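Hi there,

Here is the structure I promised to pass on to you. Have a look at it first, and then read on for my notes.

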Amino acid sequence: MENEANELKFPGFPYIPYSIQMDFMKALYRSLDKGGVSMLESPTGTGKTLSIICSSLQWVHDQRQKERDRAKAELDRNQSQRDDVEIGSDDEPDWMRNFVANKEVQKQEKKVKKKFGLGKSNERKNQDAEIIPLVLEEEDFHAKKDEVGLNDEEFLLEDYESEDEVTLGSGKSKRKAGACLVSSSSDEEEEKDGSDEEEEKELKIYFCSRTHSQLSQFIKELRKTSFTNEIKVVCLGSRKNFCINEDVLKLGNATRINERCLELQKSRKNEVSKIKNIGVKGRLRRTKASSGCPMLRKHKPQRQFRDEISQLGALDIEDLVQLGRSMGTCPYYGSRSMVPAADLVVLPYQSLLSKSSREFLGLNLKNSIVIIDEAHNLADSLLSMHDAKITFLELDHVHSLIEKYFGRFRNLLGPGNRRYIQTLMVVTWALLQTLCSDKDFSLVNTCQDEGRAAEVKPMFDSSIAINDFLFSLNIDNINLVKLLQYIKESNFIHKVSGYGEKVTNLQKHSVLNNSGACGEEWSTLSSFRALVDMLVSLTNNDGEGRIIISKSRPTCSGRQGGFLKYVMLTGEKVFSEIVDEAHAVILAGGTLQPIEETRERLFPWLPPSQLHFFSCSHIVPPESILPIAISRGPSGQLFDFSYSSRSSLKMIEELGLLLCNLVAVVPEGIVVFFSSFEYEGKVYDAWKTSGILERIMKKKRIFREPRRNPEVELVLREYKETIDGLSTRPKDVAAHSGAILLAVVGGKISEGINFSDGMGRCIVMVGLPYPNPSDIELIERVKYIESLGESNSMKTPKISVSDEYFSGDVQVAFSVLRSCKRRGKEYYENLCMKAVNQSIGRAIRHIKDYAAILLVDARYASDSSKRSFSHQTNKLPQWIKDRLVPTTNSYGEVHRLLHQFFKFNKKGE
Ligand code: SF4
């Protein structure tokens, strides 16, 4: 079927689509036709995911059909040319005629076959070879054995040509023994196993979302469509999600799992390398593998794993893990190797948005379709992915290790190595001093507690531009790019950390213990990675980010804390790398407003003709939603949950009275969102003391969102069981009429849990959840965004707002915010309203759903005829804004509206 412009059809859609779903699919299809960047908004619960799948895959299907038609036409043309040649060249011998005429045809056929993967699927390279992730060059090791103990040899660095001898970019270790990259992402430290690569599909869709469960949801939706059997799909995730080696998995923490996996492979490589050395006539002699991960030891199961995936259709991470377990082969590497052959790659944000991750995974975005779901916070997510942080303890650890190493091998190292190691020591020492030396306080703003003794120094946060930072440490003349290159090419980190480990073991005293870090989840490798990440950040352009210096007072034992953090402020460079490569980039989400802010922060360079926006309304009829702005409680008390007045016990009590009334009128489940765990705790305690809690509990059971993620599931299950139990309970049994869940904006519940039907008949938003103004990173972003559009902000951000010293003091933060006149202020407000929209969007998940949404604060209320453009409620999604009751005269009116609403909708059930 040919999809023509005005007659788009989506036969893969498993149901009869609603008109808004049709509109959405058409908009996406046309966006893909046009290319560039598109922002497509569709409220949650409207079948957005299914629409994305059916539209984008239909587009790919149609493109391929067009390509095939074109190729066929070309072949036919060539065939007729060949016929012409045959007819017109009678005097040439047959073989000559065929050769000349066939040459073009063969070229074309080859192209067509390559494009559609014909004649290639059964080709396998190195079928019986054992998997050897890294080929190592083992040459004679010319260490000075007489000077170095035999056991220390392995830690000696190969000679490195210094910066004087080679030009930048070509510094070389003379021997590439076990060379390992150290990239900015902890996941990317290894070379690709290129032994068994599949044919790369030229037109590919990359679908990414934020969480593991969102990706699983995507796969579930994909399975509902006919595409599931037609395309090759692969789901990527972290080692933590995929690992099936119990010994590694029990380490728990993602960084440790990554490192252990890499270590296993490294030891595997070393094993292979040694075997290679002793093999006869250069042939690899196999022995019983004694190292490496057993799940990656054999090549054949990996290949079978891929074959299985191809046959089983769309599998999510759990399915892949299960398959890996049943086959005894690693699903992490198995799924990774499927990427080239896949038509659709489903992956988390981090894997797609970070360049180093893309390179590591071998993701080729050229001419591809990139779909980024849940893109409402894309700019901030992308920036936080590129932050870098190193703690005092990590710095101290690497510095002392390098010192020890240098002390041991100094006389054996060549001049290149010596120079770079000394430079590295200068840099780590300088960074260390920033966190522990009083004299540096003056360099980065004035300490408010300057007069106090070091022993009682409070937390001290400050920020500084990159160039000023380097200058203040007197390391501005050091070429960090070359230094990083040296670290990368010389295998420095593994040599030094290997030596450090050995010394530690010998001394039987962990270096961690010595530095007082016992029990903390960090290691030598992760400390080095943190250092490299920080150095990479320091090579960024001056205006692209800020350095946060967070000092903390030493503990009684003298242990020093604190950290350095690089905060990226602009994502336009990172995002442009994706847009430049891909054919089209789609940002999808329930609500993507404000569009202009996203454009300015991520793609200000994009011409308007290349940016497309589409928004569709909600699937449910207007009478299924009742949003009300509530400014007064049942006893007439004004609701003002602003920072200065939210602690008022009178108001907290009034909120309790509101809840007491709501439980009488709202059936089943009520979800109440607070701005923070602290505030929720304060309100809960106050209600307990005043007896309000008891009154509420007579009607509904109360649940509270726990701080710890693993416990959330348990609470949610009980909450759901309480509500589900209502329908099965005999009528004469007196019990609760439902449940209340006290949740927190920004917590797990507000972001990823859906409250359809009885789970969320009423969502109560308490106050306006502005982010914590004392967060120094937030204030830096606000200042940066305020400067956007004033000048060429990428190069020289012009900060027009207060740039005074900031140490996390709330009042100072407010003064910075007050000094913002435009974008900065808008950004801060948008953060708040995005959080509101996320939370209230948890209800209404399908066409028959209904819910009331109560916005409890006088600041939400307004006279709609006079409501200014910048009013908070203007930032609500259109489908809520359209139905909002902007003001009420009294709580009595609210109660009446709720009563009517639930009566009406109950009837329709
Ligand atoms: S190779 Fe796979 S199973 Fe083995 S440790 Fe690494 S991630 Fe885990």
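**Strand S4 and its neighbours**

Phe 207 has Val 346 in S4 as its bridge partner. Before going on, please note that this is a predicted model, in which local features need pLDDT of at least 70, side-chain atom pairs count only at pLDDT 80 or more, and totals for chains, interfaces and linings use all residues. Residues are numbered from 1 along each chain as its sequence is written. Helices (H or I, at least four residues) and strands (E, at least two) are DSSP runs, numbered from the N terminus.

Strand S2 (residues 205–209) and strand S4 (residues 344–348) run parallel and are joined by 5 bridges. Two strands count as paired if DSSP finds at least two bridges between them. Another residue opposite S4 is Cys 208, which faces Leu 347. S4 also pairs with S3, in the parallel sense and over 3 bridges; there, Cys 235 stands opposite Val 346.

How many of the residues of S4 are buried? The count is 5 of 5, so S4 is mostly covered, where buried means that 20 or more other C-beta atoms lie within 10 Å of the residue's own, exposed means 12 or fewer, and partly exposed is in between, with C-beta atoms placed from the backbone. Leu 344, Val 346 and Pro 348 point one way, Val 345 and Leu 347 point the other way, and all are buried.

**The sheets**

These strands belong to an open sheet of 7 strands with parallel pairing, in the order S3-S4-S2-S5-S10-S1-S11. At its edges are strand S3 (233–235) and strand S11 (611–615), each pairing on one side only. From one strand to the next, the twist averages 15 degrees (axes are lines fitted to C-alpha atoms, for helices over the stretch in contact, and angles run from 0 to 180 degrees between N-to-C directions).

Elsewhere, S8 and strand S9 (residues 563–568) pair in the antiparallel sense over 6 bridges, and Arg 546 has Val 567 in S9 as its bridge partner. Why is strand S8 (residues 545–551) largely enclosed by the rest of the structure? Because 7 of its 7 residues are buried. On one side these are Gly 545, Ile 547, Ile 549 and Lys 551, and on the other Arg 546, Ile 548 and Ser 550.

**Around the ligand**

There are 14 residues around the ligand, and Cys 243, Cys 261, Cys 293, Met 295 and Cys 330 come nearest. A residue is near a molecule or strand if its C-beta atom, placed from the backbone, lies within 6 Å of it. The shell divides into 12 nonpolar residues, 1 polar and 1 charged (Ala, Val, Leu, Ile, Met, Phe, Trp, Tyr, Cys and Pro count as nonpolar, Asp, Glu, Lys and Arg as charged, and the others, Gly among them, as polar). Helix H5 (239–242), helix H7 (254–278) and helix H10 (331–336) each supply at least two residues of this shell.

**The whole chain**

The protein chain holds 32 helices and 17 strands, and buried residues make up 41% of its 909 residues. Its mean pLDDT is 80, with 75% of residues reaching 70 or more; pLDDT is the predictor's confidence in each residue, from 0 to 100. Over residues 174–195 the pLDDT is below 50, yet this stretch has 66 contacts in the model beyond near neighbours in sequence (two residues are in contact if their C-beta atoms, placed from the backbone, lie within 7 Å). Where pLDDT is low, the predicted coordinates should not be read in detail.

Best wishes
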